[in-house]
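Please look over the sequence and the fold first.

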Amino acid sequence: MQEAAQRLLTGESLYAVANDFNERGLLTSRGSHWRSQTIRKAMLSPSIVGKREHGGVLYDGQWEPLISETAWTKLRELLTDTSRKFGAADGSYSGKRPLGGGLTVCADCGKPLVSARYRDAIRLVCHKQATGGCGGVTITYDQYEHWLVELVMARIDGVRWRAENARTAAKVDTRADRLRTDRKMLQEERRRVVRSFEVGVRSESEMVRRVGEIDAEVRSIDGQLSALVTDAVLDEVATADDARRLWREADTTKRRRFLAAMIETVHVHKWPEGMPTKLTRRTSERMAARRGEKIETEAQFAKRRDQHAREALRQRVCIRWRR
Ligand SMILES: [Zn+2]
């Protein structure tokens, strides 16, 4: 804990410290691996300065302080600073984005990417602690979503979409009806089985076994039905205009459902080797002349940057379509 405090005070992140502890095979007192929040909690606890808290007042404890009170004050300021990059409050681990929640996965390790706030931008990251991922892939969210939604719309605009969608919708309806009927029959059978035990026709163990089987079947049907509900979102989508309207008016849950109906998974690869991650605007006449390039206006630069970002997305993102 002393080491953790020291490293945080010299600017390392909770995430980095937790990863390092895990890589060294260190465990928490409960024997589990470290997460950023475990370390944060330990750092904020008064026991680290040998005190205990009761009713908002600190008392001397029975143990030695691990760090000085000055260091602790600094640590608390650091860890409660709302401008910090990572923290629980910003929803680092949550899937609050339409393309989070398992739809986007790391091409290197196959783990789902989770959303995290970095400075002012949301990113999807392969997260070592949240998912046990490799930690090697990160993508800026807004650009990625914008680009991908454009592709989805283009696909819906494609000539084959309308006919295919109508056919798939009909198939989905039939399948859902059949599942609902099966489900109803199973529930009736369940009632009969329980009744037959009550009147002494069946033994208790027989009843328990059969009811267990029925419940498992019902659960499986519910799973299949909810997968079909995902597709139902496309019932109102015949053209890309419908899809755009849906996207505009939908909340996050519905947007995700829409994307999940269109897309099986999206694999995101590492940043392409040799491709610059940042472009700078060409403003120096002399430098530009030397390279045979022209100096750029703000608008020209914005356009070049946009094309660069799209090229990176084209190379990094691999979509497996459902429809
Ligand atoms: Zn990964």
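This is a predicted model: local features need pLDDT of at least 70, side-chain atom pairs count only at pLDDT 80 or more; totals for chains, interfaces and linings use all residues.

In soluble globular proteins, nonpolar side chains tend to be buried together. The largest nonpolar core here has 28 residues, and those touching the most other members are L99, L113, L124 and L259. Two or more residues of this core come from each of strand 3 (104–106), strand 4 (114–118), strand 5 (121–125), helix 6 (141–157), helix 10 (252–262) and strand 7 (263–268). Another core, of 14 residues, lies apart from it and includes Y15, V17, W34 and M43.

Beyond its neighbours within four places in sequence, L99 is in contact with T104, L124, Y144, E145, L148, L259 and V266.

## Helix 1 and helix 4

Helix 1 (residues 2–9) and helix 4 (residues 69–80) have axes that come within 10 Å and cross at roughly 60°. Helix 1 is therefore oblique to helix 4. The crossing of helix 1 past helix 4 is left-handed.

On the side of helix 1, the contact is made by A5, L8 and L9, and helix 4 supplies A71, K74, L75 and L78. Of the residues in this contact, 6 are nonpolar, none is polar and 1 is charged.

## Residue A18

A18 belongs to helix 2 (residues 14–23). A18 counts as buried because 22 other C-beta atoms lie within 10 Å, where the cut-off is 20 or more.

Leaving out neighbours within four places in sequence, A18 is in contact with W34, R35, S36, I39 and Q129. G158 lies 140 residues from A18 along the chain, and their C-alpha atoms are separated by 48 Å.

Notes: Residues are numbered from 1 along each chain as its sequence is written. A nonpolar core is a set of buried Ala, Val, Leu, Ile, Met, Phe, Trp, Tyr and Cys residues joined through C-beta atoms within 7 Å. A residue is buried if 20 or more other C-beta atoms lie within 10 Å of its own, exposed if 12 or fewer, and partly exposed in between; C-beta atoms are placed from the backbone. Helices (H or I, at least four residues) and strands (E, at least two) are DSSP runs, numbered from the N terminus. Two residues are in contact if their C-beta atoms, placed from the backbone, lie within 7 Å. Axes are lines fitted to C-alpha atoms, for helices over the stretch in contact, and angles run from 0 to 180 degrees between N-to-C directions. Angles under 35 degrees count as roughly parallel, over 145 as roughly antiparallel, 65 to 115 as roughly perpendicular and the rest as oblique. A crossing is left-handed if the near helix is turned anticlockwise from the far one by less than a right angle, and right-handed if clockwise. Ala, Val, Leu, Ile, Met, Phe, Trp, Tyr, Cys and Pro count as nonpolar, Asp, Glu, Lys and Arg as charged, and the others, Gly among them, as polar.
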